[in-house]
Amino acid sequence: MPTPYYEADGVTLHHGNSLDILPTLSQASIDAIVVDPPYEIGIASRDWDRTGIAFNVDLWSECLRVLKPGGHLLSFGHVRTHHRLAVAIEDAGFHIRDCIDWIYGQGYPGSKTQLKPAREPITVARAPFTGTERALRETTGLGGLNVEACRTDTGRWPANVLLGHSPLCTDSACITECPISELDRQSGIRTSGTGAVRTKPGHFMGNGGLGRAGDVQVTYGDTGGASRYFPIFRFESRITTRNDGERHITPKPLSLMRWLVRLVCPPGGTVLDWAAGSGTTLLAARDEGMNAVGIEMDEAHARICEHRLGEPFSPSLFSDIA
Ligand SMILES: C[S@@+](CC[C@H](N)C(=O)[O-])C[C@H]1O[C@@H](n2cnc3c(N)ncnc32)[C@H](O)[C@@H]1O
């Protein structure tokens, strides 16, 4: 086992190449993997973003070895390259379960002939296991997603679409160009009922998905635009990832990462991020009361992680703007 670069508050950070460090971790020692690997597009001419590591089946096989059976893997990807990432994950033996889209409004098109980037896909995969999902969940907390801990702020079932506010939205106002206000403008403001009684049989969550006439359907009684059906996250400035003049150019919002680790890691479990960057996943796991193992190849990035992990715990999960 290599000497950790940083170790405190349940977080261990290794400095090195994940291809070398992952084989030193124990088999089935990790409850969930949440990773934002290189997008393999050479972002801003960075060499670390064009090594091909994200498409390396051996790397993902090591992830499968260290993950407990039934544990989940979430991996960000780029719209141009995530299909190759997903195939490598599947070829390593994971089951692909879903794809979450993180939608935001702050992207800029790379040229006058390109679309404005507004989404990043997150592959959702699971390690195979024996027995039923229910039994696994009851004994280990693995196998299923933690839906209850990740409901929207009006209590709705979490969707596989996540929305991010524009950088110009404030705590009290959402600007017109923000995807959230645009969605609500298009849908209009609606109020949903409460405790609707079914007049005809049909499909909804009740009686095993087959609703019967007379069933009372639990509804939310909330008011708002269509954005209330989706988890919503505040834009977060990149300023927090600077350290002594060094900065990471691709940090993820901390509130988004807290929601993601909560979705896949049982309370008190251990999250692995093999491409730690500025350490956002590690901070997120720590702030959610979990343990975390990170690996980062670039020492300047590892120093930023160390600096950020010295920051106080973050208080809230959701933004107070909706
Ligand atoms: C997209 S960034 C992660 C950003 C991170 N999510 C954050 O919020 O700061 C990917 C990181 O993976 C690191 N990396 C690339 N190849 C690696 C490898 N083989 N082993 C370990 N780290 C690697 C890069 O140095 C970079 O910091």
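1. The shell of residues around the ligand is made up of nine nonpolar, nine polar and four charged residues. The model is a predicted one. In total, 22 residues surround the ligand. The closest are His248, Ser278, Thr280, Glu296 and His301.

2. An N or O atom in the side chain of Glu296 lies 2.6 Å from an oxygen atom of the ligand. Lys252 places a backbone N or O atom 2.9 Å from an oxygen atom of the ligand. With Ser18, a polar backbone atom is 2.9 Å from a nitrogen atom of the ligand. The ligand on its own would expose 610 Å², and the protein buries 98% of that.

3. Helix α2 spans residues 57-66, and its buried residues are Leu59, Trp60, Glu62, Cys63 and Val66.

4. The N-terminal end of α2 is capped by Asn56. A side-chain oxygen of Asn56 is 2.8 Å from the backbone nitrogen of Asp58.

5. How many of the eleven residues of helix α6 are buried? The count is ten, so helix α6 (residues 254-264) is mostly covered. The buried residues are Leu254, Ser255, Leu256, Met257, Arg258, Trp259, Leu260, Val261, Leu263 and Val264.

6. Arg126 belongs to strand β6, which runs over residues 119-126. Is Arg126 buried or exposed? Its relative accessibility is 7%, and because the cut-off for buried is under 20%, Arg126 counts as buried.

7. Leaving aside residues up to four places away in sequence, Arg126 touches Gly70, Gly71, His72, Phe94, His95, Arg97, Glu133 and Gly143. With Gly143 there is also a polar contact: a polar atom of the Arg126 side chain lies 2.5 Å from the backbone oxygen of Gly143.

Conventions
Residues are numbered from 1 along each chain as its sequence is written. This is a predicted model: local features need pLDDT of at least 70, side-chain atom pairs count only at pLDDT 80 or more; totals for chains, interfaces and linings use all residues. Side-chain values use heavy atoms; hydrogens and water are left out. Helices (H or I, at least four residues) and strands (E, at least two) are DSSP runs, numbered from the N terminus. Buried means under 20% relative accessible area, exposed over 50%, partly exposed in between (1.4 Å probe, protein chains only). A polar contact is a pair of N or O atoms within 3.5 Å; within protein, one must be able to donate a hydrogen and the other to accept it, and residues adjacent in sequence count only if both atoms are side-chain atoms. Contact means heavy atoms within 4.5 Å. A residue is near a molecule or strand if one of its heavy atoms lies within 4 Å of it. Accessible areas come from the Shrake-Rupley method with a 1.4 Å probe; for residues, only the protein chains shown count as cover. Ala, Val, Leu, Ile, Met, Phe, Trp, Tyr, Cys and Pro count as nonpolar, Asp, Glu, Lys and Arg as charged, and the others, Gly among them, as polar.
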